[in-house]
Amino acid sequence: LSERSHAWAPDQLHASDEIVRYNVLAMMEAYSENRQQAPKSGLVADALTLMYKGEALAKKGQIDEAGEAFKQATDMAPAEGLIHMNHATFLLRQKRYDEAVIAAEKATAHGGDSYGAYAVLATAYRTAGRLEDAYAAIDRALEIAPTKRGNIHAKAVICTRMRRFDEALDLYETIIRGVAGND
């Protein structure tokens, strides 16, 4: 019953990292004999549930309620990178670019890199007009996932905005060669 984009990796064959994390935290809360760890895992699982609620509310156009759900989620689990990353994505959609930068920076500081937080940070920097920072963030995203076409495309867009046209062209050609190579 989970949202497909959260439950499944892009290949639609493998479970996403975030759903695995959520389920592990929920199991830790339910079955842990170590009561010192269980309450923390339960809070994070509850915060992730609030994050999903915020995303669902945003899809319905209930932006204020969605913002409140994200705020509660980040307050409940301030060291959870996934929540900050999804909050940053929500803020980007609301064109609240400076706030999105702050949330994306928190995501990268709290382990959100495995969820693509550096790509979100690059987008936040780019939309806030901080192109040098965007370039550095997308380079970090490409270090983590060097063949991810979305990251390569994002770097090409940033290069274009920075008027680095030759570099942008090389990146677009890399994407095209990669697509042709997959046929």
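# Reading burial, helices and contacts

Visitor: How does His110 count: buried, partly exposed or exposed?

Guide: Look at the relative accessible area. Buried means under 20%, exposed means over 50%, and partly exposed lies in between. His110 has 35% relative accessibility, so His110 counts as partly exposed. Keep in mind that this model is predicted.

Visitor: Where does His110 sit?

Guide: His110 is in the loop between helix 6 and helix 7.

Visitor: Which residues does His110 contact, apart from its neighbours within four places in sequence?

Guide: Contact lists show what the fold brings together. Here, His110 is in contact with Pro78, Ala79, Glu80, Gly81 and His84. Take His84. His110 and His84 are 26 residues apart in sequence, yet their C-alpha atoms are 8.5 Å apart in space.

Visitor: How much of the chain's contact list joins residues at least 24 apart?

Guide: Count contacts between residues at least 6 apart in sequence. Of these, 41% join residues at least 24 apart.

Visitor: What elements make up the chain?

Guide: There are 10 helices and 0 strands. Read along the sequence, the pattern is α-α-α-α-α-α-α-α-α-α.

Visitor: Which residues of helix 6 are buried?

Guide: Start with helix geometry. An α-helix has 3.6 residues a turn, so residues three or four places apart point the same way. In helix 6, the buried residues are Ala100, Val101, Ala103, Ala104, Ala107 and Thr108.

Visitor: What covers the buried residues of helix 6?

Guide: The cover includes helix 5 (81-93) and helix 7 (117-127).

Visitor: Can we take one residue on each side? Where is Thr108, and which residues does Thr108 contact?

Guide: Thr108 belongs to helix 6. Thr108 counts as buried because its relative accessibility is 16%, and the cut-off is under 20%. Set aside neighbours within four places in sequence. Thr108 is then in contact with Ala117, Tyr118 and Leu121.

Visitor: And His87: where is it found, and what does His87 touch?

Guide: His87 is found in helix 5. At 15% relative accessibility, His87 counts as buried. Not counting residues up to four places away, His87 touches Phe70, Thr74 and Ala103. Ala103 is one of the buried residues of helix 6.

Visitor: What share of the chain is buried?

Guide: Buried residues make up 41% of the 183 residues. The accessible surface comes to about 10600 Å², and 53% of that belongs to carbon and sulfur atoms.

Visitor: Which residues make a nonpolar patch on that surface?

Guide: Val20, Val24 and Met27 make a nonpolar surface patch of about 250 Å². Val20 lies in helix 2 (residues 17-31). Val20 has a relative accessible area of 42%, so Val20 is partly exposed.

Methods. Residues are numbered from 1 along each chain as its sequence is written. This is a predicted model: local features need pLDDT of at least 70, side-chain atom pairs count only at pLDDT 80 or more; totals for chains, interfaces and linings use all residues. Side-chain values use heavy atoms; hydrogens and water are left out. Patches are made of residues with over 30% relative accessible area and no salt bridge: like charges are joined within 9 Å, nonpolar side chains (Val, Leu, Ile, Met, Phe, Trp, Tyr) within 5 Å. Accessible areas come from the Shrake-Rupley method with a 1.4 Å probe; for residues, only the protein chains shown count as cover. A salt bridge is a side-chain nitrogen of Lys or Arg within 4 Å of a carboxyl oxygen of Asp or Glu. Helices (H or I, at least four residues) and strands (E, at least two) are DSSP runs, numbered from the N terminus. Buried means under 20% relative accessible area, exposed over 50%, partly exposed in between (1.4 Å probe, protein chains only). Contact means heavy atoms within 4.5 Å.
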